[in-house]
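Hello,

Here is the structure I promised to pass on to you.

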Amino acid sequence: MRLTKAELHQLMSNKLNKAGLTREHADMVADVLTYSDARGLHSHGAMRVEYYAERINKGGTNCNPTFKFEETGPCTGVFDGDNAAGHVVANLAMDEAIKMAKKNGAAIIGIRRLGHSGDLSYYVRKAAESGLIGISMCQSDPMVVPYGGTERYYGTNPIGFGIPGKYGDHIVFDMGTTVGVWGRILHARSKNTEIPEGWAVDAEGRETTDPHKVHALLAIAGAKGYGLGMVIDILSGILVGQPHGKHVSSMYHDLTAGRELGQLHIVFDPARFGAFELFTQGIADTIKEINAMKPAPGFDQVMVPGQSSAKRVAAYEKDGIEIVDDIYEYLKSDIIHHNRYDNKSPFAN
């Protein structure tokens, strides 16, 4: 099924509103989800709606939160999300960060007590579109072994960057700190196919290509990815007074309770370091030079982060966003959820 962005947004907003979110908050969450689907990141788009709806319906998302933002210095602050929908909290906190950075040159905003906030590139792109450099990082469920370990401790702990460019050609990059993702492993289980080497380990800490034996994920680049994931957990968790490491709550355990997650936005003004025009011209020159490189075998063009998703956006604008039929049927139905997620561990078969 192919839908326009407006059609998909309306369906998702309606479902989230029916589950219990205010229309304003449902629209904000749907903004981020539509953004993800339009860029081909379907793992963070419409397929998440039923999970969110179940958590909202069961009380694990606060539908009438009291947000608190405290400026703790000219360039620092803490945003308390009161366990509201994570997309709403992260978005409002980015608005505060942008205002502070425009006024004072920089902003470091710690965010506490929010739910899953989805695609980080949405928030850092917002900073880039305001002429600022944005960095965002957050915690996630413990499903990654520390380098050399056998027990799950850290999450996939993503980090994103948004850098303003000339003529709206921004560089936007976000990544998780693991080689593979759980969704791909669960898909391999359903198809009974192997996963690539280097993605995961079994309960003894040995690498495995059997998706049914996967006990935990592996960090990117061994010890380097492990260290990066640790730093992200410290800065988005311990720094803002949230649970850390293995104490971070699971997405799927007790959907009646708030997640108590932490996130960190860092935003600063490149114009405070030199002429803004020179900076954006440098970004434009970088993009032009990289795009002009001779591509390696199997590639049509060398691109910078954000360009491939921009091409998908253009294609979807023309042909519509492709949504799996089952998800489309759920979105247009009166069903809120099927009890698929509560206490359903992603580690189960």
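Below is what was found in it, element by element.

A word on the basis: this is a predicted model, in which local features need pLDDT of at least 70 and side-chain atom pairs count only at pLDDT 80 or more, while totals for chains, interfaces and linings use all residues. Residues are numbered from 1 along each chain as its sequence is written, and side-chain values use heavy atoms, with hydrogens and water left out.

Let me start with helix α4, residues 86-104. Helices (H or I, at least four residues) and strands (E, at least two) are DSSP runs, numbered from the N terminus. The end C-alpha atoms of α4 are 26 Å apart, which agrees with the 27 Å that its 19 residues should span at 1.5 Å a residue; the expected span is 1.5 Å times one less than the number of residues. Among the buried residues of α4 are G86, V88, V89, A93, A97 and I98, where buried means under 20% relative accessible area, exposed over 50%, and partly exposed in between (1.4 Å probe, protein chains only). After α4 comes G105, with a positive phi near 100°.

Now to the strands around this helix. Strand β3 (residues 76-84) and strand β4 (residues 106-114) run parallel and are joined by 6 bridges; two strands pair if DSSP finds at least two bridges between them. From β3 the chain crosses through α4 to β4, and this β-α-β crossover is right-handed, which means that, with the strands pointing away from the viewer, the path from the first strand over the helix to the second runs clockwise.

On which strand does β4 pair in the antiparallel sense? That partner is β11 (residues 261-268), and the pairing has 8 bridges.

Next, take a look at A128 in helix α5 (residues 121-129). A128 is buried, with a relative accessible area of 1%. Leaving aside neighbours within four places in sequence, A128 is in contact (heavy atoms within 4.5 Å) with G162, I163, P164 and H170.

Strand β8 (residues 200-201) is joined to β10 by 2 bridges, and V201 has A216 as its bridge partner.

Enjoy exploring!
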